[in-house]
Amino acid sequence: MSPLRRGTGLWAEGVFQPVMKRAIYPGSFDPVTNGHLDIVQRAASVFDEVIVAVALNIGKDPMFTIEERMEMLRDACAHIPKVRIEAFTGLLVRYAEEHKANVIVKGLRALSDFEFEFEMALMNRRLDEGIETVFMMTNAEYSYLSSSIVKEVALLGGSVEGLVPKIVEKYLSTKLRSSSPSVDAGGSSRSGLRRRPK
Ligand code: PNS
């Protein structure tokens with residue numbers, strides 16, 4: 001019989017303690033897309049708890065405030081158990097340490113995401129070896145999807161139905177109705193690092 005089976009062998013002697021796996025899924029979520037939701041769902045099926053951590057300072061001006069981004073996420077994730085939505089600022093690994101999270105989840109859409117994510121994962125590991133970055137592949141259906149492309153299509157009057165949660169469609173149309181023509185869809189080069197738009 002396997003010594004790892006609960007109630008037997010080493011489990012029975014209390015040698016192995018089940019470790020709570022709390023993961024952090026960080027991002028700008030400006031706004032959340034169905035691609036992000038796909039990753040939240042995958043992460044929630046693997047980890048005991050998932051904190052969706054919304055970055056407060058994201059370089060260039062976001063279209064949505066932190067409260068709006070969190071509100072859209074709360075609504076869109078309401079049906080997924082074990083998921084919390086929080087804001088964070090500063091170093092991601094410090095935030096993970098404070099919240100006793102041992103895993104950072106990142107979504108990969110295509111190979112072109114990899115180089116930038118690889119750099120960040122190695123830097124985060126250098127900052128804290130105890131926190132593991134786990135990459136999850138998005139559904140192929142969403143491999144071209146980004147918040148930036150969604151904003152651009154919406155700004156130019158195209159339909160984003162099926163690409164974002166319903167609440168985001170509402171927020172986008174409200175924002176576009178109330179905004180001046182100078183509202184920017186957001187670009188891909190806010191940090192100067194090589195990356196695909198998010
Ligand atoms: O959705 P995004 O824009 O790809 O999210 C990027 C984010 C917020 C996950 C990333 O910029 C980040 O981790 N910021 C926190 C700052 C930090 O820890 N930097 C050092 C790691 S490279």
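Tutor: Read along the sequence, the protein chain follows the pattern α-β-α-β-α-β-α-β-α-β-α-α, with seven helices and five strands; helices (H or I, at least four residues) and strands (E, at least two) are DSSP runs, numbered from the N terminus. This is a predicted model, in which local features need pLDDT of at least 70 and side-chain atom pairs count only at pLDDT 80 or more, while totals for chains, interfaces and linings use all residues. Residues are numbered from 1 along each chain as its sequence is written, and side-chain values use heavy atoms, with hydrogens and water left out.

The part to examine is helix α6, residues 147-155, where Ser-147 is found. Ser-147 has a relative accessible area of 4% and is therefore buried (under 20% relative accessible area, with exposed over 50% and partly exposed in between, using a 1.4 Å probe and protein chains only). A polar atom of the Ser-147 side chain lies 2.7 Å from the backbone oxygen of Pro-31.

Within α6, the buried residues are Ser-147, Ser-148, Val-150, Lys-151 and Ala-154. Seen down the axis of α6, these buried residues fall within an arc of 165°, so they line one face of the helix; the arc is that of the directions from the helix axis to the C-beta atoms. Their cover includes α2 (34-46) and α7 (166-178). After α6 comes Gly-157, whose phi is positive, near 90°.

For the chain as a whole, buried residues make up 43% of the 198 residues.

Technical notes
Polar contact = N/O pair within 3.5 Å; in protein donor to acceptor, adjacent residues only side chain to side chain. Contact = heavy atoms within 4.5 Å.
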